[in-house]
Amino acid sequence: MHSDGTISIVVNGGHKRVRAGMTIADLASELGLVPEKVAVERNLEVVPRSTIAQVCLEDGDELEIVHFVGGGDHPGPGGDAVATVDEDRWTVAGRSFRSRLIVGTGKYKDFAQNAAALEASGAEIVTVAVRRVNVSDPNVPMLTDFIDPKKVTYLPNTAGCFTAEDAIRTLRLAREAGGWDLVKLEVLGEARTLYPDMVETLRATEILAKEGFLPMVYCVDDPIAARRLEDVGAVAIMPLGAPIGSGLGIQNQVTIRLIVEGAKVPVLVDAGVGAASDAAVAMELGCDGVLMNTAIAEAKDPVMMAAAMKAAVEAGRLSYRAGRMGKRRYADPSSPLAGLI
């Protein structure tokens, strides 16, 4: 303790002096933060929100205060004559959704545009990144002010994590901040390609599953790796169609189809979609859904592109369910030849 009755702590990487005996809740209030919208890690241990009013700060404490920001990938039964999209739901970890499109929340001009694109897409799940709170300006708009987590399922992700430890730490904070156990795990191998490091990904998946998380896992398009992820607790397999943010489309249809055929959990193409036709292709391969961010956010008209992606996912799913015609080497006339004039 200093002679003036203060102690020194570190908050989000910055040094700060506070009065001795201050609780974490007191500090949050002093910073102008709403405790219900943040999560706190003290000396690498997540502090349960229910206890922050009792936990007193000590000299040398290091705090991380985080919240959710825009972020994501840099997502006929019954013999009816006509199949409808509404009756065709999909389920992950016991939770059912109508929309098979998952969208990210990064790269948009602002949160308002993000919210408008989400509305046009019809998506029921959005990926969100966990980032430090701006303690120097706590009045900066937050994603939760524009996209209500009570109406849309937040899927916290680990974008930007390059080790299993970083990913696990991030998701522990995410669970404390919002209570979510359904999460998107990605552990990257390098910054240039943003390809997943499968050794670290498998390790993180196993640890998270044992801690009660339900990880939907970004992975390479490898049927063997996909099976191993299932074995250690992945609730969904999310192979990349092409590098994150590339917009190259589905470059690996054969391996993705093999993953779909062998998986016992949902399979969603994650990364690489650039146009609506790419989303339709992913669905026609039998995928349960598609996750995307850049294809919508970087379109000239993101809201219109979001609507296009919604239609494409629905069309691709219906096409898959209908069963395409067989391919032939030669022409086959549509009109009957019998009775030809």
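## Helix 4 and helix 5

In this predicted model, helix 4 crosses helix 5 with right-handed geometry. Helix 4 spans residues 198-210 and helix 5 spans residues 223-232; their axes come within 8 Å and cross at roughly 20°. Because angles under 35 degrees count as roughly parallel, helix 4 and helix 5 are roughly parallel to each other.

On the helix 4 side, the contact is formed by Met198, Thr201, Leu202, Thr205, Glu206 and Ala209, which meet Ala225, Arg228, Leu229 and Val232 of helix 5. By class, the residues of this contact comprise 6 nonpolar, 2 polar and 2 charged.

## Helix 2 and helix 9

A second pair consists of helix 2 (residues 111-121) and helix 9 (residues 302-322), whose axes come within 7 Å and cross at roughly 25°. Helix 2 is therefore roughly parallel to helix 9. The crossing of helix 2 with helix 9 is right-handed.

Helix 2 contributes Gln113, Ala116, Ala117, Ala120 and Ser121 to the contact, and these residues meet Pro302, Val303, Ala306, Ala307 and Lys310 in helix 9. The contact of helix 2 with helix 9 divides into 7 nonpolar, 2 polar and 1 charged residues.

## The chain as a whole

The secondary structure of the protein chain consists of 9 helices and 15 strands. The chain has 341 residues, of which 48% count as buried. Its accessible surface amounts to about 16300 Å², and carbon and sulfur atoms account for 52% of that area.

Methods
Residues are numbered from 1 along each chain as its sequence is written. This is a predicted model: local features need pLDDT of at least 70, side-chain atom pairs count only at pLDDT 80 or more; totals for chains, interfaces and linings use all residues. Side-chain values use heavy atoms; hydrogens and water are left out. Axes are lines fitted to C-alpha atoms, for helices over the stretch in contact, and angles run from 0 to 180 degrees between N-to-C directions. Helices (H or I, at least four residues) and strands (E, at least two) are DSSP runs, numbered from the N terminus. Angles under 35 degrees count as roughly parallel, over 145 as roughly antiparallel, 65 to 115 as roughly perpendicular and the rest as oblique. A crossing is left-handed if the near helix is turned anticlockwise from the far one by less than a right angle, and right-handed if clockwise. Contact means heavy atoms within 4.5 Å. Ala, Val, Leu, Ile, Met, Phe, Trp, Tyr, Cys and Pro count as nonpolar, Asp, Glu, Lys and Arg as charged, and the others, Gly among them, as polar. Buried means under 20% relative accessible area, exposed over 50%, partly exposed in between (1.4 Å probe, protein chains only). Accessible areas come from the Shrake-Rupley method with a 1.4 Å probe; for residues, only the protein chains shown count as cover.
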